[in-house]
Amino acid sequence: MESDVLGTFESALQRVDVRLERTTAANVRGILAEVLEPPAVGVPLPFDGVSLPEAVETEPTPDELEAATTGITAVEFAVADYGSVAIRSSPTGEEPVSVYADVHAAVVAASDVLPDMEAAFERLGTDARGGADTVLATGPSATADMGALVTGAHGPKAVHAVVIEDR
C-alpha cells in the first residue's frame, strides 16, 4: 500500500515539474548537498540521523533569508494525489525558508505521505485544533493573473522533494 502512495506522489510531482528523490536517512545529506545552490538557508531536520549540509545557514538574518537561493525544510506531511507538501508555520522558520528562496528542498518521511486530501484534512483538523498554522504548497509558485503562466512570481521557482523511506 505504501509504495502505491509513494508512486502516486511521484507521478503527481512530475505533473507539477518537481524532482523527487527517494532515499534512506543516511543519504539525505548528500542529496541535499547536490540540490543546494548557495547561499542556502534551512531549518534543522527532525529526523534521527539526518542533518543539513554545512553550507546551510540555520539561523539566517532577514538579509540572509532574502538573499538565499536554496531553502531546505522538513514538511509536516505530503498529499500524494496532489503532489502537495504541508509546511508548518513555526518559530524555527519553515514557512519563510520555503518561500523566500528560489529553490525549495522539501524533506518528508515516507510514512508522512498521505494518500489524498481527505487524509490531509483529517490531519490538518487535528493540527489546527491544536493551534498550528500550515500551508499546503504544490510545485513551484506560479501565477497566470496577468496572462501567461509565470513561475516563481511569489515563491520558489523550483522545488525538490526528498522522501526518506526508512522512517
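Analyst: Glu 10 is partly exposed, with a relative accessible area of 27%, where buried means under 20%, exposed over 50% and partly exposed in between, computed with a 1.4 Å probe on protein chains only. This is a predicted model, in which local features need pLDDT of at least 70 and side-chain atom pairs count only at pLDDT 80 or more, while totals for chains, interfaces and linings use all residues. Residues are numbered from 1 along each chain as its sequence is written, and side-chain values use heavy atoms, with hydrogens and water left out.

User: Which side chain does Glu 10 meet in a salt bridge?

Analyst: Glu 10 meets Arg 22, at 3.4 Å from N to O, a salt bridge being a side-chain nitrogen of Lys or Arg within 4 Å of a carboxyl oxygen of Asp or Glu. Glu 10 lies in helix H1 and Arg 22 in strand E1, so the pair ties together parts that are twelve residues apart in sequence; helices (H or I, at least four residues) and strands (E, at least two) are DSSP runs, numbered from the N terminus. Arg 22 is partly exposed as well, at 33%.

User: And how many salt bridges does the count come to?

Analyst: The count comes to seven. One of them joins Asp 102 and Lys 157, whose closest N and O atoms are 3.8 Å apart. That pair links distant parts of the chain, with Asp 102 in the loop between H4 and E7 and Lys 157 in the loop between strand E11 (150-151) and E12, 55 residues apart.

User: OK, switching to the sheet: what order do the strands have?

Analyst: The open sheet of six strands runs E1-E12-E7-E4-E2-E3, with parallel pairing, and two strands pair if DSSP finds at least two bridges between them. Strand E1 (19-23) and strand E3 (56-57) stand at the edges with a single partner strand each, so one side of each is left without a neighbour in the sheet.

User: How many bridges join E7 to E12?

Analyst: Seven bridges join strand E7 (residues 103-109) to E12, and the two run parallel. Within this pairing, Ala 109 stands opposite Ile 164 in E12.

User: Last topic, which residues lie nearest the centre of the largest pocket?

Analyst: Those are Ile 87, Ala 137, Thr 138, Gly 139 and Pro 156, out of 22 lining residues. Here a pocket is an open set of points on a 1 Å grid over the protein atoms alone, where a 1.4 Å probe fits, with protein on both sides within 12 Å along at least five of seven lines, and lining residues have an atom within 4 Å of a point.
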